Every structure is written in C-alpha cells, then in structure tokens.
Amino acid sequence: MSYSSNPQANLDPQTNLPTDDATSHQPTTDTIIASNVPHKQAHQPVLHAEKLSKRVRSGERSLTILHDLSLSVAAGESVAILGKSGAGKSTLLGLLAGLDTPSDGELTLFGQPLSQMDEDGRAALRAGRVGFVFQNFQLLPTLSALENVLLPLELSPRAGETQAAAQWLERVGLGERVGHLPKQLSGGEQQRVAIARAFVTDPELVFADEPTGNLDPETGAQIIDLLFTLNREAGTTLILVTHDHALARRCDRCLRLANGQLMAFEPTAVASGGGDE
Ligand SMILES: Nc1ncnc2c1ncn2[C@@H]1O[C@H](COP(=O)(O)OP(=O)(O)OP(=O)(O)O)[C@@H](O)[C@H]1O
Ligand SMILES: [Mg+2]
C-alpha cells in the first residue's frame, strides 16, 4: 500500500491507517487493533509500519522474529508494547526507530519511507527528532554522565546545550552525578542518564525499552510521571516497551507482541508487574 505525504489524503479517519478509499477498507487484524483504540489526533502518523518482517540466522536455521507486522502511531500518542521475554520487543523497537532494517516491509517515519535511505540518511532523519532509551542503556564508558547526555546534540547542535543537558540530569535526579563515568553509577542511575540523553533534544518521538526496568518503585514512578508530563505538555509521542502493567495502563494504547505479531491488549489492574508480559 502506498503512503501519501499529504496529511489529509488517503488516511482512514477512524483507524489512522492509510487507505485509498476509507469506505471500502477491508478490516484486517491491524486495522481492528487501531480502530478499537482512541487516537489523540487523526492526522498523519509520525510512524507507519507496513508488513514488517524480521528474520535472522540462528546457526543453520532462519529465525523469524517479526512477521507481517503493521502499526500506525499518531503524533502525541503513547503506546505500550508488552510481551514475553524473547518475543521480539527490542527487535521491533529498533526497527520502528530505523536503527535496524527489516527483512521485508516498509517503515515510514515523519512521512519519509526509510527503505530509500542509507544509514546516514536514517540518522539524519532521526537527529534531534527521535530519542531512544536502550534496554542496556548503551552509555559510552569513557564519557561522563553529562558528556553522554550531550552526545545526541552533536548531530543537532544548539545554544545552551550544556545547560540543557545538566538540567535534564537534574530532572532525572542526577544533578550530583554529572561528572561520574557510567561504571561509577548504579544500574538505575545509568538508566536515568539514558533517559536524559533521549530527551535532551526535545524530540517529537521517544522510544523507551523497559525505561523503569532497573528502578525502585518510587524512582520508577517519578520517571513515569516525567514521561507522561512530556507526552501531555510537549506532545511527545511515546512508544514504550514494558512488563509493568501499571505503566502500560497509563498509555493511550496497549499492544501485545506474540508470534511476531501485535494484538490489542488490556493490561491487568494490578499496581505493577503482571507476570511474564
Ligand atoms: N541478531 C540475532 N541473531 C539471532 N537471534 C536473535 C538476534 N536478535 C534477536 N534474536 C532473538 O530474537 C528473539 C527476540 O529478541 P528480543 O531481544 O527482541 O526480545 P525481547 O522481547 O526484547 O525480550 P526481553 O523482554 O527479554 O528483552 C530472542 O529469542 C533473541 O534471541
Ligand atoms: Mg528486550
């Protein structure tokens, strides 16, 4: 299916998915997912994935991690992705952010089809507009907390960036740790540096892979409040991977990844946790 760059054209107003004729649109699993969920804004999605598949080699065999997966996310939405360990959540997040390439399918980010771009082109598209919190943080070990937070600004420099980076470390509760190297920080502190780094450019779209996985409940709650304040006040689109049903319930939409596919999902009402999802 082709995707129009005109925000008004070829979009089904209910599902937010591109269609040449919304009235004759045949419902698929993916459109059912989308139409069951309220969207904040029914205009051009910030992200549209069309039939993404990801296969990798595993020894002699080919392993299919994601299969024909489609998803549309509107500007300002918050989306939780749940699923068992090994279901492919981190693989999916990497694909959706354009950090990794699909085996099949097309990803359109900010109206730009990524298949026509090389790695540098994808990095240029993401610069300053996309933040990513990695599950394993991926801080550079030789740089201080402040220098790690400053890294994304190398691709999108601006005035007052050192102050902005310091303020972000302050916001995540690390104002006293700006000069520490990652090895001098706890796991939860490193995770908060990674969160500050993801937000320092005021991105339109943030991906966070289990952003509270290493935090105690109180610190986790503060970070979650910060994420949703930014979603509400700055309109930042959030795509979160989590096992925490309490966090998932605060999102506009919850999806579960299983067998390489996304399905609508209703998290349980427990305060946190929620089994193996
Ligand atoms: N490059 C690769 N080569 C072989 N197998 C891979 C590769 N990348 C991922 N996998 C496999 O794909 C599956 C999905 O991995 P992924 O890290 O996306 O899972 P996940 O849902 O994020 O899990 P977790 O909740 O434990 O973080 C795993 O079984 C993993 O071993
Ligand atoms: Mg993962």
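Ala, Val, Leu, Ile, Met, Phe, Trp, Tyr, Cys and Pro count here as nonpolar, Asp, Glu, Lys and Arg as charged, and the others, Gly among them, as polar. The model on display is a predicted one.

**First stop: ligand 1.** Select ligand 1 and the residues around it. By class, this shell has four nonpolar, eight polar and one charged residues. Among the 13 residues of the shell, Val56, Ser85, Lys89, Ser90 and Thr91 come nearest to the ligand. Next, colour strand S1 (45-58), strand S2 (61-74) and helix H2 (89-96), each of which supplies at least two residues of the shell. The largest share, three residues, belongs to H2.

**Second stop: Ile81.** Which residues have the most contacts inside the largest nonpolar core? They are Ile81 and Leu96, in a core of 64 residues. In soluble globular proteins, nonpolar side chains tend to be buried together. Select Ile81 and display its contacts: leaving aside residues up to four places away in sequence, it touches Lys89, Leu92, Ile239, Leu240, Val241, Leu255 and Leu257.

Follow Ile81 to Leu255, its bridge partner in S9. Strand S3 (residues 78-82) pairs with S9 in the parallel sense, over four bridges. Now select S9 itself, residues 253-258; five of its six residues are buried, and the strand is mostly covered.

**Last stop: the hairpin.** Arg256 stands opposite Met263 of S10. Two residues lie between the strands of this hairpin, and Asn259, in the turn, has a positive phi of about 55°.

Key
Residues numbered from 1 in each chain as written. Chains lettered and ligands numbered in written order. Predicted model: local features only at pLDDT ≥ 70, side-chain atom pairs only at ≥ 80, totals over all residues. Core = buried A, V, L, I, M, F, W, Y, C linked by C-beta atoms within 7 Å. Buried ≥ 20, exposed ≤ 12 C-beta atoms within 10 Å, placed from the backbone. Contact = placed C-beta atoms within 7 Å. Pairing = 2+ DSSP bridges. Near = placed C-beta within 6 Å.
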